[in-house]
Every structure is written in C-alpha cells, then in structure tokens.
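Open the model in your viewer and keep the sequence panel beside it. Each stop below says what to select and what is there.

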Amino acid sequence: MYNFLLYAHSWLRWVILVLALITIVKSFIGSRGGLTYSKSDKAISSAFVGCIHLMFLLGLGLYFTSPYAFNAFGGDTSVMKNATLRYWAVEHVFVMLVAIALISIGKAKAKRATVDQEKFKKQLIFFGLGLIVMLSRIPWTETARLFRF
Ligand code: HEM
C-alpha cells in the first residue's frame, strides 16, 4: 500500500505541474482582456484542482504509512531535531496544505466571478501563489524521488 501511494503521489506531481503551467499561462493571457473563459478553460482548471485534491488524499494516506511522517513521531525520536523527518512530517505537509487551500480558494473565487477577465485574474493570482508555495517544498535535489520506476 505504501509503495502504491508513494509512486502515485510522486508521478501525480508531474501531471499537476503541467496542468498548473497550462492554466496559469492561459489565465495570464486572459487576465489582460479580450479572451472568453471557454469550456476548455473551465475543464483544465477543474482537472488541475481535481488532481490537487487527489494529491491531498494520496498525501493523507502516505502520512500514515510512510516511515518519515506520522510513524516518525512517538518513541524517543525527536522529529523536530532531525532535518529529514521534520521536512516530511511537518514542513512538506503544512506547506502543501497552504498551497491546496490557496488553489481551492482561487477556484471558488473564479467560479463566483461574473466577468471572464475576473475569472482569469482570480486563477492567475491564487493558482500562481499556490504553485510557488508548492514548488518550494518539492524535494528537487533528491534525484531518486524525481522519476520513480
Ligand atoms: C499538491 C500538493 C503536494 C505535492 C505537489 C506533493 C509532492 C510530493 C513529492 C514530489 C514527494 C516525493 C515523492 C517521492 O519520493 O517520489 C512527496 C512525498 C510525500 N508527501 Fe507530498 N505532496 C503534496 C501534498 C501532500 C500532503 C497534503 C501530504 C500529507 C497530508 C503529503 C505527504 C507526503 C509524505 C508523507 C511524503 C513522504 C513519503 C515518503 O518518502 O515516505 N504530501 N510529496
């Protein structure tokens, strides 16, 4: 179970990053005016937010199966004093939850906006911030975690 969650969580990151780039670039162009918020814009942003929520569920599953998260607390292991454990058990989770919240708020605000340009603007701001926050807690330097086979 742990391996399935880890691989799914790992690969879904790439799907999320591609969808984030497409929807943010489109939102940037749309926020300058003159573009209609089309069915495909709605579909891509919904796919992005859907994947983010799926990531949350996979992450939650990982949190309780990974040796680096919930299981690291307890005993006499001091999570906060160990940089690796602190990263996975606290920093990664907390920062990703902030990113997920920003992206979900952006989706809700874009949905409520009545003018197309506003929809694009809300997505640009909240998805953009969410992406920056997310990028800050992906372990880019650990090559074994980049593409799992
Ligand atoms: C959209 C948000 C998220 C992204 C982009 C993301 C990305 C990642 C990436 C790239 C890894 C490394 C995977 C690997 O080793 O191949 C990872 C690991 C992990 N993630 Fe996330 N994550 C997100 C949200 C979450 C959330 C919300 C939780 C917990 C509730 C979580 C819990 C974990 C845990 C515990 C690991 C460590 C697994 C291990 O090595 O044992 N993640 N995440």
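Select aspartate 41 and lysine 26. Their side chains meet in a salt bridge, with 2.8 Å from N to O. The two partners come from distant parts of the chain: aspartate 41 sits in helix α2 and lysine 26 in helix α1, 15 residues apart. Keep in mind that this is a predicted model.

Now show the surface. Is aspartate 41 buried or exposed? Its relative accessibility is 5%, so aspartate 41 counts as buried. Lysine 26 has 31% relative accessibility and therefore counts as partly exposed.

**The iron site**

Next, select the iron atom of the ligand. Which protein atoms are its donors? They are NE2 of His9 and NE2 of His92, lying 2.0 Å from the iron. Histidine 9 belongs to helix α1 and histidine 92 to helix α3, so the pair ties together parts that are 83 residues apart in sequence. Both histidine 9 and histidine 92 are buried.

Turn to the geometry. The iron has six donor atoms, with angles of 85 to 179° among them, and the site is octahedral. For six octahedral donors, the ideal angles are 90 or 180 degrees.

**Helix α4**

Select residues 116-135, which form helix α4.

Colour the buried residues of α4; among them are Phe120, Phe126, Phe127, Leu131 and Met134. Gly128 and Gly130 are buried as well. Then bring up what covers them: the cover includes α1 (2-31), α2 (39-65) and α3 (83-112).

How many salt bridges does the structure hold? There are five.

Select arginine 137 and glutamate 91. Their closest N and O atoms are 3.6 Å apart, in a salt bridge. This pair also links distant parts of the chain: arginine 137 is in the segment after α4, glutamate 91 in helix α3, 46 residues apart. Arginine 137, at 23% relative accessibility, counts as partly exposed. So does glutamate 91, at 24%.

Last, select glutamate 142 and arginine 145. They form a salt bridge whose closest N and O atoms are 2.8 Å apart. Glutamate 142 counts as partly exposed at 35% relative accessibility, while arginine 145 counts as buried at 15%. Finish by selecting Arg86, Glu91 and Arg137: salt bridges with shared partners join these residues into one network.

Conventions. Residues are numbered from 1 along each chain as its sequence is written. This is a predicted model: local features need pLDDT of at least 70, side-chain atom pairs count only at pLDDT 80 or more; totals for chains, interfaces and linings use all residues. Side-chain values use heavy atoms; hydrogens and water are left out. Helices (H or I, at least four residues) and strands (E, at least two) are DSSP runs, numbered from the N terminus. The expected span of a helix is 1.5 Å times one less than its number of residues. Buried means under 20% relative accessible area, exposed over 50%, partly exposed in between (1.4 Å probe, protein chains only). Contact means heavy atoms within 4.5 Å. Donors are N, O and S atoms within 2.8 Å of the metal (3.2 Å for Na, K and Ca); water is not among the atoms, so sites may look incomplete. Four donors count as tetrahedral if all angles lie between 85 and 135 degrees; four count as square planar and six as octahedral if opposite donors are over 155 degrees apart and all others between 65 and 115; anything else is irregular. A salt bridge is a side-chain nitrogen of Lys or Arg within 4 Å of a carboxyl oxygen of Asp or Glu.
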